[in-house]
Amino acid sequence: MPKVTVRYWAAAKAAAGIAEEPFDADTLAEALDEVRGRHPGELVRVLQRCSFLVDGDPVGTRGHETVRLADGGTVEVLPPFAGG
C-alpha cells in the first residue's frame, strides 16, 4: 500500500492541529477516510469544503475513489481561500 503525506493548509491545518502527516492508502478516498478517523470533529466539516491536489495535480470533480495514490506522493488539502 502506498505511503503518502497529507498536507493541510489554512483552516484544515488549524482543524487538524498539524501541518502534515503520513498515511497508507491506495486512493484519495481511502486517505480521506483515514484523515476523518484520526481527526473527527471540525476537520471533517472543513474537508467538505476543500479541494485537493495529488502530486501537484488538481483532483477537480473526479471521484475520490478513482484517484490512485503513488508511494511517496503528496495530497494537499486546500480549504476555500478568502480574497480577491
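Reader: In what order do the five strands form the open sheet?

Author: This is a predicted model, where local features need pLDDT of at least 70, side-chain atom pairs count only at pLDDT 80 or more, and totals for chains, interfaces and linings use all residues. Residues are numbered from 1 along each chain as its sequence is written, and side-chain values use heavy atoms, without hydrogens and water. Strands are DSSP runs of E, at least two residues, and helices of H or I, at least four, numbered from the N terminus; two strands pair if DSSP finds at least two bridges between them. The pairing is mixed, and the order is β2-β1-β5-β3-β4.

Reader: Which are the edge strands?

Author: Each edge strand pairs on one side only. They are β2 (20-24) and β4 (57-58).

Reader: Which residue forms a salt bridge with Asp 24?

Author: A salt bridge puts a side-chain nitrogen of Lys or Arg within 4 Å of a carboxyl oxygen of Asp or Glu. Here the closest N and O atoms are 3.2 Å apart. Asp 24 is in strand β2 and its partner in strand β1, 21 residues apart. The partner is Lys 3.

Reader: Is Glu 21, the salt-bridge partner of Arg 38, buried or exposed?

Author: The two side chains meet at 3.0 Å, N to O. Arg 38 lies in helix α2 and Glu 21 in strand β2, so the pair ties together parts 17 residues apart in sequence. Buried means under 20% relative accessible area, exposed over 50%, partly exposed in between (1.4 Å probe, protein chains only). At 9%, Glu 21 is buried.
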